[in-house]
Structures are given as structure tokens and as C-alpha cells.
Amino acid sequence: MNIAPIPAPATAATVAGAPLAELREICVAFGGVHAVQNVTVDLRPGEVVGLVGGNGAGKTTLIRTLSGAHPADSGEILIDGQPVAIPNPRAAKALGIETIYQNLALAENVDAPANFFLGRELKTRTGSLDDAAMESATRKVLGRLNPNFKNFKTQVVSLSGGQRQAIAIGRAIHFNARILIMDEPTAALGPAETAQVRDVIKQLKSEGIGIFLISHDIHDVFDLADRISVMLHGRLVGTVNKAEVTTDEVLAMIIMGKMPAEVTQKDLAKLHE
Amino acid sequence: MTQVAGEAQAPTPPQAAWKRAIGPLQVAFRALRLGARTMEIDFRLTGMILALIAIWVGFGYASNGLFLTPRNFYDVSVQSVPVAIMATGMVLIIVSRNIDLSVGAIMGLTAYVAAMTQRIWLTENLHLAYGSWEIWILAVLVAMAIGALIGAIHGGLIAYVGIPSFIVTLGGWFIWRGLIFKIQQGQTIAPMDRNFAVIGGNLSSGSAISSSGGAIGFWPTWIIAILMCAGIAYALISSQRKRREYGFPVRPRWATVTLIGVGSAAILYGAWVLNNYPLPPLLATQYATAHGITEPAGGLIIPVGMAVPVLILLGITLVMGYLATRRQFGRYVFAIGGNPEAVTLAGINTKRIILGTFVLMGILCAIAACVQASRLDAGVTSTGTGYELLVIAAAVVGGTSFAGGHGTIQGAVVGAVLMQSLKAGMVTIGLDSPMQDVAIGSVLVFVVGLDTILQRRAK
């Protein structure tokens, strides 16, 4: 039985009931510093998992092992229940894993279509770049995401934050992503654009795409996530269902590393000091 | 202190004086930029071509027309070629945030290798008959292979080992220049094979290709010129047609027509000038004797036309321009210059791209080396000395940004022609060599400085 609505890569036979993605016992160290230690998280189709924690908690490092940007030192990654190796970003993309990085990872000196299709350029029969076709596709997708988007021939550096974000989101979802990683997608945006991104996330969720949402805005996470995984000092504090916790309880996890059951009234009072 | 009405604007702070002087320049700059934007043409390139024309007219005036003779144009066109060829490769290197300081040394070594191949290895060692047609091809191919190998060593160390390109190519500069002397004790190898000598535009080479040796002659020049006009028209019209099919904004028709008109006029004028350069009388007489033609009174007039190296440069410019703007390779080179991490995260093997730019650079050095060895009709150890800086200067004057991510192939070629025109112009007005260097250096800083100031203030 296939659980994923989009066909899985031919190499991986789908295990029934398995999560879309599972990171098991992931460890990453930089020199002697353990940035991520024995962290296990998972993601189901059509689910948003919020990954929260303070600065330096290891959220981004953990997620970079899934996007192929920095392979894990040890641990296992399973897609559809099958162990996979993700040594580089290309491998991740081949598995349907797309990432929207916090800094957006755009080449500032080229235009929107060039960024949109970076690494996946459309080509003519002779192997030349088909710029007109790429511009056409980019206009369609970005026009939907951001109707104000008009500058398709100017370099990205002169675009607004919202427009740049639209390029990053647009290219992540255009190529049949099954797993989407969003690292602080609203950090640099104004209120209207933030609302737009939230709509996009809800839309993608309804299409059955699994989303890891990294944020340190607890309200963003509570609005969008189904489950919340909290990290502190490179370790997983725990994963909770959003419906079963309060923001204070999650804050206690983020700051004190205590699960809701361990939190005392004194702790909660401390949070509000 | 009491305020008097007239006094308020009277004393101007000293630093505002130069700002005021630059004011009208900026107005002109903005007007030109607006015009360029409407016509969708490369504004910087247009400015450089205008500067080039100004240099030609200025030196023409200062030298009482000496600079504007067809003969001088021929010489400038040929002398620009080695630097221009290498500058097209340097653009990609600098755009992707690297530098190659060794191009002059690579050129020197490969020139020497090309000379050795044709004069010693193929003929003395392998007993190929002097003047056989394989010689020039093999000489060029061996030089290109060595150039590619050197480029691959540089690129490999830079991309895969992670040594800064400045260090690798600085080392390469010493190494390759030093190795030249280890091949044949650094003896001068001359003359070159008679077919090989065509590559450099030597008029005395007397090749099989045309009556005028290293140039292509009257009709071929016209045919190439007309093909170029047709090419421009086709490129401009077809790119617009595709955009129109998709319903994108297109360049106004009058602008397309103007561009085709101006471009064609310039090309045809250039061809006309080159065809007005007759073979020097001595060579014409030699040719007449060799072909049993009786010379008419007043000498035989054989139009020289376009030089073979210029034809080579045109071909390389076309190929490199295509690579830079129409292929994935070029797209990635530019994107790496903008944000290397973004390109890596997009799943692109940036190391291979960087390696590619250096291999390409090595091959271009070898081609430039063949042109130069052919032009000098000798393989000498000093070939390419100081060229690394001329090449970098040509690329930078041509609008390549040292911050990476910006530059054009055509710009670099125009930059090389501009620098060579300056040099030749200063010779025609009798400026001595040290002062020429002073002037070249000043122009480099001035051009880039002006560009920086105008771009920044016009934002």
C-alpha cells in the first residue's frame, strides 16, 4: 500500500504505515562541539512538524542532514521506511526533499528565472538554455504566489524581501516536493507577506506534502504545526502534539528542557518573571 | 553671527567641488542609461565602444591622421588578439571569484611548446617534411593539450584541494615560466612553419590560403562582414520573436532596426577600412614574381582585408559568449560569482565548474600563444611576459567586477582592443615606453573609478 500521494522514487519500496521521513539517532559534531546529539524526529504526509528551540539549539544543523547540505556523522535517515543516503543536495532533491533556507540561498546577481531553475534548467534541443520557457514557467508560478511580482529580468538583489522569498518558495514547490523544509520562512517578512506564507503552508499541507517548519516564533508554530519537536543544546527535549500543550508548556521545553509532565507551578511562574 | 541672504549659498565646502564637476556627467550618464534601457542594450558596453571611438578620433587628430590609416587599424586589430582571446577566459575566472595570474606564463610555455613541436619534435625527431600540412595542426593541438593540462592542474588544486587561486596561479607563474628554459635551454626557435605563420596574421608568410599571407583578402573579408551583419539581424529578431510568442514585453521595433542598422554599418565600415589596406609594395612584388604576374605601373594593389587572427578572435568571442550566456556552464559560473553556497545547495557540482573555467583558460592561453608565436615568427622565452596583467586589465576595463558575478565576454574583447588602441596611439604620437605604462595604469584606475562612482551615485 502506498501512503504517499505522489509516486515514490523507483528505488525505494514503500513500507506500509511508515512515516514519510524519519531521522533516527542523528549526530553531528563540528570539531569537538556536538551540534546535534542522538536526535530522532519524524514526519508524516500532510503534516507540519514545528522544530523549535533557542539560538544554537541545533535545529538548522539537524535539518541540513536531511537536505544534504551537511551529512550526519552517524544516525539513519529513512524515507518511506527505507534507509537512504543523502550525501549532497542533489541526492535530497532526487528523493523529493526540497529546502527553503533561512538566507534563501539565491544567487543575487542573476534574475528570478535563473534562480528558480538553478540546477534544473530547461534546455532546447541543442542543449542551450531555454530562457523564454524558463521565464514563462517562473511567471506562472510566482504570479500565483505573489501577484505583485513583475521584475523577471532584473537581478534578484534589487527585489524586495517578499519577492525573493517567493522565488525560494516557488522553486521548492514547483518540482514535485514531497518533503519540504522551511528554515525561518517568515523571519525577514512583513505582516502581509507572512500571512501569504502561512496560506501557502496550509495549501501545501492539504496537498499531502510533509513540512518541517523551523522557527523561533512560537506563535507561527502554534498556528501551523501539528506536532512540535523541541531542541535544546543539540538534544531533543521531546515531541508533543500541538493540541495537547499550551504555549507556556512549549516555552518551558525550549528554555528549561522540561517536558510538560515535569513542569511545576514554580517553573511556570519563572517563565513569566 | 548674522545671516545675510546672499551668504547662505556662497561658501561651498571644498569636497563639493568635485561633486559639482561630476554633476553634468551624471545627467548625461542617466540619459544614456535610460536610452540603453529602452533599447535593451548593454549600457556599459555601449559606453566603452563610444570611449573606443573617442580614443581613435583623439589619436587620429593628435597624430595628424596617422592613427586612422588602414594599416594602423590592421596592426591594432592583430596586436589586440592575444590579450583579447585570453581576456574572454579571464572573464569567467574573475566572475566566479577567482583570479589567474599565470596566463602570461602559460602563454609563454605553450608558445614555446608549439614552436618546439613544429621545428624540432615533428620535423627533426619524427622526420615529418618541412611545410607539410599536418605540422601546424599538430603544433596547435599539442599547445592546446598542454594548456588544458596546466589549467586542469590549477583548477584541480583550487577547486578540489581548496588552495586560493591567487596562490596557485602565482606559483604557476613562476613554475611555467621557469620550465620554458628547461625545454631547449631557452634558445629562440625560428622561423615558424609557413602554414603555422598564417595564424598570426603575418603578411609575409605567403601561405596557401590567400595571396596576402596571414590575412583573408578582399572578397572573404566582405563575405565575413555580410555574414556578421546577417548574424546580428538574425540574433536580434529571433530572440524577440520567441519573447513575443510567450507574450513577454519586447524591445520596440525601431530599437531593433536601429541596432541592426548601427551594428551593420560599423561592421561594413570596418571591412571597408581593412580592404583599403593594400599589401606593402615589397610583398606585392614578391607575390607577383612568385606567381609570374607582370606588375602594372604603380605596383600591384592587393587588398589585405581581415587578418586571420581577427577571424580566430571573432570565432572565440562567439563561442565564449555562447558558453557564458546560453549554456548551463556559463549560468553556473555567474551564479557561483553571486552566491557560491546557493549554487552548491541547488545540487550543482561547483568544483567541476571551477575546474572547467581553468581548463578553458589554459586552452585559450595556448591559442593566444599560437597567434603570438606565429606573429613573432618565433618561439622565444619572453613570450607573454606581463600579459597576465594586460589580460586582467582588459577584462576589468571591459566591465568585469572583481567582486564576482558580473562581466561580459564582448566587454572584455572591447577592453582589450581599447587598451591596445591606447598603446598604439601613444606610439604614433611619440610617447616613450615608460610614459605609455604610466598612461595605461592611469586609464585602468580612471575607467574603473569612473564606473564605480557613476554606478553608485546613479542608483
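How many helices and strands are there in chain A? I counted 9 helices and 10 strands. I note at the outset that this is a predicted model.

**Entry 1: chain A overall**

I looked up the radius of gyration of chain A next. It is 19 Å, close to the 19 Å that the globule rule gives for 273 residues, so chain A is as compact as a globular protein of that length. I then took the box along the principal axes. The C-alpha atoms of chain A fill roughly 65 × 40 × 40 Å. For burial, I found that 43% of the 273 residues in chain A are buried. I also checked sequence separation in the contacts. Of the contacts in chain A with a separation of 6 or more, 63% are between residues 24 or more positions apart.

**Entry 2: chain B overall**

I read a span of about 95 × 65 × 55 Å for the C-alpha trace of chain B along its principal axes. Buried residues account for 42% of the 459 in chain B. Among the chain B contacts between residues at least 6 apart in sequence, 76% join residues at least 24 apart.

**Entry 3: where the chains touch**

**Entry 4: H3(B) against H10(B)**

I turned to helix pairs in chain B. Helix H3 (residues 70-95) and helix H10 (residues 308-326) of chain B pack at about 15°, and their axes are 9 Å apart. Angles under 35 degrees count as roughly parallel, so H3(B) is roughly parallel to H10(B). The crossing of H3(B) with H10(B) is left-handed. I listed the residues that meet. From H3(B) they include Val78(B), Val81(B) and Ile85(B); from H10(B) they include Pro309(B), Leu313(B) and Met320(B). By class, this contact holds 11 nonpolar, 3 polar and no charged residues.

**Entry 5: Pro309(B)**

Is Pro309(B) buried or exposed? I find it buried, because it has 30 C-beta neighbours inside 10 Å and the cut-off for buried is 20 or more. Pro309(B) sits in helix H10 of chain B. Leaving out residues up to four places away in sequence, I see Pro309(B) touch Val78(B), Val81(B), Ile199(B), Gly200(B), Gly201(B) and Val371(B). Two of these, Val78(B) and Val81(B), are in H3(B). I also took one distance: Pro309(B) and Met361(B) are 52 residues apart in sequence and 18 Å apart in space, C-alpha to C-alpha.

**Entry 6: H7(B) against H8(B)**

I looked up a second pair. Helix H7 (residues 218-245) and helix H8 (residues 253-275) of chain B pack at about 170°, with their axes 9 Å apart. Angles over 145 degrees count as roughly antiparallel, so H7(B) is roughly antiparallel to H8(B). H7(B) and H8(B) have a right-handed crossing. Among the residues that meet are Trp222(B), Met228(B) and Leu236(B) in H7(B), and Leu259(B), Ile267(B) and Leu274(B) in H8(B). I sorted the contact of H7(B) with H8(B) as 15 nonpolar, 6 polar and no charged residues.

Key
Residues are numbered from 1 along each chain as its sequence is written. Chains are lettered from A and ligands numbered from 1 in the order in which they are written. This is a predicted model: local features need pLDDT of at least 70, side-chain atom pairs count only at pLDDT 80 or more; totals for chains, interfaces and linings use all residues. Axes are lines fitted to C-alpha atoms, for helices over the stretch in contact, and angles run from 0 to 180 degrees between N-to-C directions. Helices (H or I, at least four residues) and strands (E, at least two) are DSSP runs, numbered from the N terminus. Angles under 35 degrees count as roughly parallel, over 145 as roughly antiparallel, 65 to 115 as roughly perpendicular and the rest as oblique. A crossing is left-handed if the near helix is turned anticlockwise from the far one by less than a right angle, and right-handed if clockwise. Two residues are in contact if their C-beta atoms, placed from the backbone, lie within 7 Å. Ala, Val, Leu, Ile, Met, Phe, Trp, Tyr, Cys and Pro count as nonpolar, Asp, Glu, Lys and Arg as charged, and the others, Gly among them, as polar. The radius of gyration is taken over C-alpha atoms; the globule rule is 2.2 Å times the number of residues to the power 0.38. A residue is buried if 20 or more other C-beta atoms lie within 10 Å of its own, exposed if 12 or fewer, and partly exposed in between; C-beta atoms are placed from the backbone.
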